[in-house]
Amino acid sequence: MTTYNNSGYLNPAYHDYETLEIDRREAPAWLGVRAPQSPTAQPGGDDASGGRWQEERQGTDESIPLGFISTQPQNPPWQHNLNHTTFQIDPDAHDRSAASQISSSMSANMTLRWRGVSARRLSLFPTGDPSHLFPEDVIRNELDNEEQDLVKELIGLSTVDRIQAVRALPMSVREKKHVRSQVLAFKSSKQSQQRGCCADCSESVSWTFRRFGSGLKAAGQALELWQGTMKEISGRFGTSVLTYFVFLKWLLMFNVLSFLINFGFITVPLLVYDPSPNIPPNVSFRGLEILTGVGYFNYTVMYYGGHSNETFAGQVTYNMQLAYFLTIAIYMVLCGLALIVSMAGSFRSNYVVADPSSDSAWQLLCSWDFNMTNERAVRQRKNNLRVQLKESLSENAQRKLLTLSEELSRLCVHLASWFLSTILALGCGASVYYLCLYEAQMLAADAASWSLLEEAKTLLVPFVVSLINLCVPLFYSLFNKFDHYSSHRRQIYALVVRNVFLKMFILGVLCYYWMDVVAQNVSCWESVVGQALYRLVIVDFLFLMLGSFFGEFLSNVIGTRMLPRIGVPEFDVARNVLELIYAQTLAWIGIYFAPLLPVLQIFKLFLLFYLKKISLTHNCQPPQRTGRAAQMQTIFTALLFFPFFVGALSIVAYTSWSLTPSENCGPFRGLNNSFGAVAVWIHTLEDISGSQWVIWIYQKIIKSPIFYFIVTLIILMFIYVFWQVTLGRKELIALLRKQIVKEGKDKMFLLEKLHSLQTSHPNATNKQANQQQRIGQFSDRRSPGSQSNSSALVQALLARQQFEGDLSGGVPVPADISTSSGLIQAMLAYQRAEDLNEDLYRMPDGRLSSFAPLPPPTRPRDEDRGTAGGPGDPVHAPGALEQAMQARQRAEGADDLSSSAVMMQVIQARQQEERLQWTPGPPHNPAPSGSSALIQAMLARQQAQNEFDDGY
Amino acid sequence: MGGNTSQLSKENVSEYQELTFLTKQEILLAYKRFSELYEDRRSSLDPRTSRIPLQKMTELPELRSNPFKHRICRVFSTSEVKDGSLSFEDFLDLLSAFSDSATLEIKSHYAFCIFDDDNDGTLNRKDLEKLINHLTSESEDTKLTRNEMEQLINNILEESDIDKDGTVNLSEFQHVISRSPDFVSSFKIVL
């Protein structure tokens, strides 16, 4: 019996039953789909499961009751019926539950379904290899049936869905291929029956589209920038550092898009119309322009001022004013949409569904990077993970020990550091503002007459701003050394928020200066602002380079040579990403004032990628903590959107709606505001017939506040509805969770009860085992032990047969009662077998009960149970039923026939079986009792399933 | 053996494309890498039957330092003698499950199989202990102590074992996975 020691445990059904009611389909999908324990796997390997299989095979060869069953002429129909009913019920059950699952996609359902089927199949054959219980062809039939079901379901899907569904099946390629070929064969046979030109055509069109789609995907992958580098980085530093580079690449794409739009719709038409820039003769290229952006550049298409306000009338007319306005507006809208979409998607997957408790052990284990390919990095990661796991343990223990005074002092430190950092940010903002005013006083108004020195002075403000951006975050990091938060994540958030405040203050002050001071006093003020932004972008880039040199290289040198205590620096993802965000904000603000600023940004990001990569690989070590990379990325996208993009958008919008464009230069000269370009255009449209609808849209929608009011109301309403839905879902989740816990409690209770029951009959099984060993195992010896066992089994089968007979004979017995009676009979029989064994030990001579199934062992029943329902003929169905009911009442004292009660029985039966096998028996612990119990358990299980399916 | 790429016919590639989450380039690259590893010179490479033994497979740079390399090979192997050897189709299966576009469903299913060291269909205490050891232990002295391990496993079970049966089954595991957003991005092997 050693082979069965684990079989209860190995039995998927054991782990399955608690989820019967809730998510049965999902339960133990693990098995069998893959080779290790697949029922289709061939025996005879050195692997553990193969070995087990063989042992089992041996055991079953000796098992008497089974041999007995298979020789009985009446029995085969039972087997067939048994299997038949189960697998006929399957699809219905699945369809029903599938229908109840509203939101899951088709392919997901498919996977689940397939897995559900295989799970059930396996729970039918608990030891993983059914061949000792059922003839091979029966098994093959069943497997074929399941496959047929799957194929049928696949046939019902559209081509694209089908491919997705097949892909998502957790099988090996070979099995998938088989399924697919079957589906295709069916399809083609169907098509040959009703060959329609239309169907053919649509098929080929869809095939072409699929081809085209996969071709596009492949092309996209071939174009994928920096793929090898990215792989290298993630192999050495893990996913969290990779987020920086992914973010950088993403921003680069934004800028490429922006460049293409601006260049295509603003610059190209201008250059086509007027290729030579009208540069005054006294202005020449001096070299410093590359840094300052003034002088020569001022007269090119780089800035707002270089653009014309004319309508180019060649073969086609091109309204420059309108083009300039619409291009920028459309670009901003596109950016906003892209940001919102990517933000919403990652919010859903990373925040709404995510576990609120950070740093839990599972989170750490699940986030192991399979990307890591560097041996050293893997080792380091393992060490870090160990430290983190230990910390999570100690944190759990420590959390309760924090005293009030500690709490207070911590709060004080928080307050102080927040106060300090805010003051610092405000101070920086104010100093930048006064510096700007000072610069305006210092420099002569006419930029054309500047000397080199004066030109260089313009770099003062960008220099100071970048210096602030470089140094103050370092101070903030220093604060973090004293300011301890309860979790690492909060620590990072605090740092990020402080840095965001700083950058917002600085940008806010600069924008205020440009909008309020420059716009009122300077003649061609848009170009001046554009130049200032140009300088900021350039100097910021220089400082980023310096920063990675000083920040990472120097601290690496210090860490390795001078102060090994500090250690090699880590790559600070948060700080670096914030720098990127800041740079991107500059580019967004500048899009109106200097439409070609994205070119600069593209160069900057491109160089920065390589720079950071080199700095990373030479100076840094992999991060100590596996932060939640995905969540951080969401945060960064959100930050990029909320204060920064929205800020830039509002500044551009304010500029074009409220500020007066300069009189002498730029596309909007002579208008009250830039938006006026649209009004002028609409005005010209009034003469053209057939364009009344454009005017109507402009008048009634774009210019009407009521429209925006209504849109806002609708959006608010939607938000409210979705909010409510979310709340409802949360409630539902909590309820379901409670239900699972309740089921678990039920189970524990039953297990305990069972345990106490077993301890109250001590060593019964042991004795039985001894006895069995003494007597032997073969049926022709007619030993009492094995006979009583088999008689009990016979009883069970009998009951079953009765039940089947009732059904097939058309006797109007209510289905659920009959099924439960069959079940109860099985249970009863099983219990009797146990009791019998015990009794037999007490009276070693025993009773020789008959071997034939029909004469029932009534005497044992009478004596053992005392209260049996009379020595009637057990073939008589009502009698059996009555007995069953009594037994049931006795066993449970229960009254209901609900499905949960049946489940309890199942649990008990299986548990008994397991107990039987867990008791350390001698090596020749006889197989018969085990397998009969097993069969009964399976019977019971099937009954339960049948009934369950009926119940729904 | 690099010239064997022609063996993979166009029909084969498009079939694999339909059956896995991989693109054409990825399949061809996989084939190239596979034929580089394949060294049985007596017979030419047949995608269906030729197998690379486990030892050889784990020398692949992408797998070499992976703490789960043996488990991964065993889980994806369809070998009948259960030696963990991979045929090209198994290899594609592996890459497909670890690819970017594989669904969370598939990924978590295979992750569960990989973590389930004794193939019994649930993560019991032994499996969890092995998992933690795989991910942490370097040598005997840096190992987590017995006590810590117990506590850790208790925490894990407390966290994820919803029905309190002492083990983590697949649905519980998938529940955990669905709540840890980093899983999808880290359960990835790219050639």
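Helices (H or I, at least four residues) and strands (E, at least two) are DSSP runs, numbered from the N terminus. This is a predicted model, in which local features need pLDDT of at least 70, side-chain atom pairs count only at pLDDT 80 or more, and totals for chains, interfaces and linings use all residues. Residues are numbered from 1 along each chain as its sequence is written, chains are lettered from A and ligands numbered from 1 in the order in which they are written, and side-chain values use heavy atoms, with hydrogens and water left out.

**Stop 1: the loops of chain B**

Select Lys82(B), in the loop between α5 (69–76) and β2 (86–87) of chain B. Its phi is near 55°, a positive value in a residue other than glycine. Lys82(B) has a relative accessible area of 13% and is therefore buried (buried means under 20% relative accessible area, exposed over 50%, partly exposed in between, with a 1.4 Å probe and protein chains only).

Although Asn119(B) is not a glycine, its phi is positive, at about 60°. With a relative accessible area of 17%, Asn119(B) is likewise classed as buried.

**Stop 2**

Select Ser96(B) in helix α6 (residues 88–97) of chain B. The relative accessible area of Ser96(B) is 3%, so this serine is buried. Which residues are in contact with Ser96(B), leaving aside its neighbours within four places in sequence? They are Thr20(B), Phe21(B), Leu22(B) and Ala102(B), where contact means heavy atoms within 4.5 Å.

Continue to helix α8 (residues 125–136) of chain B and pick out Leu128(B). Leu128(B) is buried, at 0% relative accessibility. When residues up to four places away in sequence are not counted, Leu128(B) touches Leu123(B), Ile153(B), Ile156(B) and Leu157(B), together with Trp362(A) from chain A. Display Met149(B) as well: 21 residues separate Leu128(B) and Met149(B) in sequence, and their C-alpha atoms are 9.5 Å apart in space.

**Stop 3: chain A as a whole**

Now colour chain A by secondary structure to show its 35 helices and two strands. Of its 952 residues, 50% count as buried. Among the contacts in chain A with a separation of 6 or more, 77% are between residues 24 or more positions apart.

**Stop 4: helix α12 and the residue that follows**

Select helix α12 (residues 227–237) of chain A, where the buried residues include Thr229(A), Met230(A), Ile233(A), Ser234(A), Gly235(A) and Phe237(A). Just after α12(A) comes Gly238(A), with a positive phi of about 85°.

**Stop 5: helix α18**

Select residues 404–442 of chain A, the 39 residues of helix α18. The distance from the first C-alpha to the last is 56 Å, close to the 57 Å expected at 1.5 Å a residue; the expected span is 1.5 Å times one less than the number of residues. Buried residues in α18(A) include His414(A), Ser417(A), Ser421(A), Ala425(A), Cys428(A), Gly429(A), Val432(A), Tyr433(A), Leu435(A), Cys436(A) and Glu439(A). Cys436(A) has a relative accessibility of 2%.

**Stop 6: the disulfide**

How many disulfides does the structure hold over all chains? There is one, a disulfide being a pair of cysteine sulfur atoms within 2.5 Å. Select Cys524(A) and Cys665(A), which are joined with an S to S distance of 1.6 Å. The link of Cys524(A) and Cys665(A) is right-handed, with 105° about the S-S bond. Cys524(A) lies in the loop between α21 (488–521) and α22 (525–562), and Cys665(A) in the loop between α25 (629–658) and α26 (676–685) of chain A, so the pair ties together parts that are 141 residues apart in sequence. Cys524(A) is buried at 18% relative accessibility, and Cys665(A) is buried at 10%.

**Stop 7: the packing of α26 and α27**

Finally, display α26(A) with helix α27 (residues 692–702) of chain A; the two pack at an angle of about 145°, with their axes 9 Å apart. Axes are lines fitted to C-alpha atoms, for helices over the stretch in contact, and angles run from 0 to 180 degrees between N-to-C directions. On the α26(A) side, Val678(A), Ala679(A), Trp681(A), Ile682(A) and Leu685(A) meet Val694(A), Ile695(A) and Tyr698(A) in α27(A). The residues of this contact of α26(A) with α27(A) comprise eight nonpolar, no polar and no charged (Ala, Val, Leu, Ile, Met, Phe, Trp, Tyr, Cys and Pro count as nonpolar, Asp, Glu, Lys and Arg as charged, and the others, Gly among them, as polar).
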